[in-house]
Amino acid sequence: MPGSSSRRHCSNHVAPDAFVRGAFARFVQTKHLFGVSAMHDMSAHAVGHGAPTSFIRKHVFSIDHKVIGKQYYALALVAAVVGMFLSWLMRIHLGWGSFAIPGLHLLSSSGAPGDVMTPEYYLQLMTMHGTIMVFFVLTTAPFAAFGNFFLPIQTGAEDMPFPHFNMMSFWVTFVAFMVMVAAFFVPDGPSLGGWTQYAPLSAIGAVGGPGQGWGVVFWATSIGIFCIGQLLGSLNFITTTLDMRCKGMSLMRLPISAWGWFITSVMGLTAFAVLMPACILLILDHLAGTSFFVPTGLVIGDHVLPHSGGSTLLWQHLFWFFGHPEVYIAIVPGMGIVSHVLITNMRRPMLSHRVLIYSMAALAVLSYMVYGHHMFVSGMNPVSSLAFSFPTLVITIPSTIIVLIWLGSLYGSKLRINSASLFSLGFVSMFISGGVSGFFLAQPSLDIMLHATYFVVGHFHLVMGVAAMFGIFAGTYFWFPKMTGRMMNETLGKAHFILSFIGAYCIFMPFHYLGIAGNVRRYQAFTDDYLIPLVPVHKFITVAALVTGFAQLIFIYNLIYSRFKGPHAPNDNPWQGTSLEWSTATPPPHNNFGATMPVVYHDPYQYSVEGAAADYIMQTSTEKVHSPDEEK
Amino acid sequence: MAKLFAVVIVLIAIASAVPIVMHMWPMPQDISVHGHLIDEQFADTMLEAGISFLASQILLAYFIWRFSSPAPGDKIKSFPGGAMGLVLAAFLLVGTEVLALGFFGTKAWASVYFTPPAADAVTVQAQAGQFAFYFRYPGPDGTFGPIHPDQVSEANANFFGIDATHDQDSKDDIVTAELAIPVNKEVHLLMHSKDVGHSFYVPELRVQQDFVPGLDVSVHFTATKIGRYEIVCTQLCGLGHYNMKAYLEVKSQEDYDAWIKQQAALQ
């Protein structure tokens, strides 16, 4: 594997360009192994590649991490719109099941005859909503989009060490998205198995139901390809953080957002490496006649299935070994982004930079030990349920520390209110609300009642869905000037915030009450006697979801309008930030820092230091001030 | 904007707590022997989660209100006790409380899963298939005949794949579409899936357990109130998932005995 050899010599005192050339040379050698031609411009520039001149190399097949970051952002935006649209269709159906949605038959004539959704089509849309949101929005936007753009800049690197892998990472993800969307257009539509794709429903083929044949094959192929993209991306993120830091940038001088991406990339490298083989085995069950996930003697339509010898629980173990770290892959970059935005807007560092980093790392480590809490009633040995319950309860401690550090740092700060800081504070509120419901779900005895109910749906939508989205919004409003050179409209941003904040609570808080009343999830209609009285609540949620969804159009308008017509950023550092992205030009030049590479003299967040010339000291500032917060 | 936001946070926190405090959404009534352990555990957890939720949201709102409009001369203040105080609070208050809660909660879990069924428990076999539940009673001999997957036939109403001509044990087995059980008597439910994953969920009974294809699992419980309750499927099993249900009939011992006799005559 390229770059796997020890690079201890490359401490933060070695000029990074020399190292990049070395890494790049190794990368090129590997390319020879694969029979790909060598880069023609490998030694021409310090960064390993010169600024591209053709449109295709500049905007399409770009190896510049900033362009790749924007591409990821655009992909996530498209995916989010698709995912939100699907949620509208589902919510309308749940509130008013017989309502004809004009034009729905155009999407699928068999799935929506007369524009009214069939039960199976509801499940198919639900599967696509979950899959698209979790993989193509929550994983790509906070991690791959912002991380690609800002991690190299915040570490003081000219690019990632493997720019071609980076380009490949995006385009592979793009192909994965295309394959996923293509499932809408195969004969019986996408899979109806839910984003978790539990076996054996997912592995027995078309006899299982509409979409369980080619729909699942497309699903597993798409996710398998997606994993490759994430593995390549994680590899780049890890090496960038460990090996590409500029002079003076020790690990503890990295901004908290960079730490978020680094910790996430370590999780990504191990979690997606488990999901990919699981997807391959699932595809083999479909196409090669294997039985990894199908046991002996299953009967469908009075016919015994030909499979034998597989294990149902094997899929669940493989899936959740990925699936639980995935939750933190979605939220930890958001924590980093939000902390970074809050610090800048509070004009003070967090109470402890280290404690925040250690707590995030603890979340990452624990995330592998808790995955069984998804399987308390799965038929797994009940003793293992207790074994998985304990670390799940322990994970409360680092989460609480993180929240208390945020709250404690807010105390006595000089808080600036703008769209970015509002979404960050909204993130904190959502993370608390989604977190406390974890107290219940961590306990197997309560999971007996709450498993597979709307309580779970409310929990994960708040803590990883809405919170992560708020992290994306905070990052967008905060970094937009650096990414595009223009400012977003603050009035529209604040309107977008307050509508989203109230709307999200109106949608997801009632989910908890429904769950306590025993409302089962993944039902396309509520025909059970005890569920019928709950239908008015579903109608309320549907209305709230439509209104909140429309509020997101304000954001999309603001984003697109500001991109082309917004006022130019007044200077390179509109928020008076301290980290490296604010000391370079806007937008940053091709090699991020122009002619001279930055040298770092300070901790990332030197705000409101007594005796300093301004209320902030940039990391590159040579100003010598005694700061009590400065790490020794 | 900051003050509006702070007010909104407080209003949302209160509005979220009202339905819980006012018991607007109580859990379904409890008709099981072990259920009160779960309900007490739920109430304790709700108390702790509720306090954490309200305290942190209101603190967040107050800090936003208080610190968002600093006067020009204001200096940054540090939270009393600093980061270490908060870390200790997280470990000592939240950590210990949540862990203790979880520890005591194992009692409810153990009552369902760690105690073997009583020797005189009524044994019933449940089979889940797309999209119906069927139940089998062993009859006077007290044993179930084996399931032959190749004999399963919806058309002949042979849902369990019983081979009554060859299997002696199957001859007196009773197959029904509803689960009738005697009140105040332990029931041992043997769970078998015909095709894909399903689940057995009766909210009133405080029981939820997945059917695992290829793996026979079991669960046992005692119902304490006579009545008719819904059994619903909670594991996504295909297009009819939402409609997959059966009824649990809790009967007096006499009614149950009469019902079994009547069902045996229908076989």
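Domain bounds, as used here, come from an automatic or database domain assignment. On this basis chain A is divided into domain 1, covering residues 11–40, and domain 2, covering residues 67–565. The structure is a predicted model, in which local features need pLDDT of at least 70, side-chain atom pairs count only at pLDDT 80 or more, and totals for chains, interfaces and linings use all residues. Residues are numbered from 1 along each chain as its sequence is written, while chains are lettered from A and ligands numbered from 1 in the order in which they are written.

The predictor assigns the complex an ipTM of 0.96 and a pTM of 0.92. For chain B the average pLDDT, the predictor's confidence in each residue on a scale from 0 to 100, is 93, and 100% of the residues score at least 70.

Chain A contains 17 helices and four strands, where helices (H or I, at least four residues) and strands (E, at least two) are DSSP runs numbered from the N terminus. Along the principal axes, the C-alpha atoms of chain A fill a box of roughly 80 × 60 × 50 Å. Of the 632 residues in chain A, 62% are buried, that is, 20 or more other C-beta atoms, placed from the backbone, lie within 10 Å of the residue's own. The C-alpha centres of domain 1 and domain 2 of chain A lie 34 Å apart.

Chain B is likewise divided into domain 1 (2–67 + 82–113) and domain 2 (122–266), and the centres of these two domains of chain B, taken over C-alpha atoms, are separated by 38 Å. Nine residues of domain 1 of chain B are in contact with ten residues of domain 2 of chain B, contact requiring that C-beta atoms, placed from the backbone, lie within 7 Å.

Between the chains, the contact takes 91 residues from chain A and 87 residues from chain B. Several elements of chain B each supply at least two residues to its side of this contact, among them helix H1 (2–21), helix H2 (35–67) and strand E9 (227–232). Helix H3 of chain B gives the most, with 18 residues. The side of chain B that touches chain A divides into 51 nonpolar, 25 polar and eleven charged residues; here Ala, Val, Leu, Ile, Met, Phe, Trp, Tyr, Cys and Pro count as nonpolar, Asp, Glu, Lys and Arg as charged, and the others, Gly among them, as polar.

Key
Two residues are in contact if their C-beta atoms, placed from the backbone, lie within 7 Å. A residue is buried if 20 or more other C-beta atoms lie within 10 Å of its own, exposed if 12 or fewer, and partly exposed in between; C-beta atoms are placed from the backbone.
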